[in-house]
Amino acid sequence: MEKMKEAYESILIVSCKLADEAIAEVVGKFKSLIEANATLDSVEEWGKRKLAYLINKESEGYYVLFNFTSDAAFLAELDRVYNITDGVLRSLTVKKIAESAAPAVEAAPEAVAADAE
């Protein structure tokens, strides 16, 4: 049986205490890891942003968003490598919901009738 492939997006926050070359090296490491184990759709480097709260006494982080398609087994490996890599402050990977699968929100008939008056 073929493994089911799903679309995911993963956001990574890298420490700004690292030099620019080191940040690029960390981003390149994860880009090559995802390319080797999944289909990488896009990489968006958002750059330095202020954090909502301090993480390890840091107030800024370098944000990167990866969009990729893979099977669920790869997510555990990606999360493991995120956790053991120096310079990674936070990461989050979520499954994307297809537009056609999302429930449509419709206005209730009573609300439409009230707006007409």
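**Exercise 1. Which residues does Lys50 touch, not counting residues up to four places away in sequence?**

First, some ground rules. This is a predicted model: local features need pLDDT of at least 70, side-chain atom pairs count only at pLDDT 80 or more, and totals for chains, interfaces and linings use all residues. Residues are numbered from 1 along each chain as its sequence is written, and side-chain values use heavy atoms, with hydrogens and water left out.

Step 1. Lys50 lies in strand E2. Helices (H or I, at least four residues) and strands (E, at least two) are DSSP runs, numbered from the N terminus.

Step 2. Apply the contact rule: heavy atoms within 4.5 Å. With residues up to four places away set aside, Lys50 touches Ser59, Glu60 and Tyr63.

Step 3. Check a distance. The C-alpha atoms of Lys50 and Tyr62 are separated by 8.9 Å. These two residues are twelve residues apart along the chain.

**Exercise 2. Decide for Lys50 and for Ser70: buried or exposed?**

Step 1. Take the cut-offs. Buried means under 20% relative accessible area, exposed over 50%, and partly exposed in between (1.4 Å probe, protein chains only).

Step 2. Compare. Lys50 has 66% relative accessibility, so Lys50 counts as exposed. Ser70 has 0%, so Ser70 counts as buried.

Step 3. Look around Ser70. Ser70 belongs to strand E3, residues 58-70. Beyond its neighbours within four places in sequence, Ser70 has contacts that include Met4, Tyr8, Asn37 and Leu75.

Step 4. Widen the view. Buried residues make up 31% of the 117 residues in the protein chain.

**Exercise 3. List the elements of the protein chain, then give the strand order of the sheet.**

Step 1. Count. The protein chain has three helices and four strands. From the N terminus on, they run β-α-β-β-α-β-α.

Step 2. Order the strands. The open sheet of four strands reads E2-E3-E1-E4, with antiparallel pairing. Two strands pair if DSSP finds at least two bridges between them.

Step 3. Find the edges. Strand E2 (39-55) and strand E4 (88-95) each have a single partner strand, so one side of each is left without a neighbour in the sheet.

Step 4. Inspect one pair. E1 and E3 pair in the antiparallel sense over ten bridges. Val14 stands opposite Tyr62 in E3.

**Exercise 4. Which residues have the most contacts inside the largest nonpolar core?**

Step 1. Define the core: a set of buried Ala, Val, Leu, Ile, Met, Phe, Trp, Tyr and Cys residues joined through side-chain atoms within 4.5 Å.

Step 2. Name the residues. The largest nonpolar core has 21 residues, and Phe30, Ile34, Phe66, Phe68 and Leu78 have the most contacts inside it.

Step 3. Trace the contributors. Strand E1 (6-15), helix H1 (20-37), E3 and helix H2 (72-84) each give two or more residues to this core. H1 gives the most, with six residues.

Step 4. Follow one member. Leaving aside neighbours within four places in sequence, Phe66 has contacts that include Leu12, Val27, Phe30, Ile34 and Tyr82.

Step 5. Look elsewhere. A second, separate core of five residues includes Ile13, Leu51, Tyr63 and Leu89.
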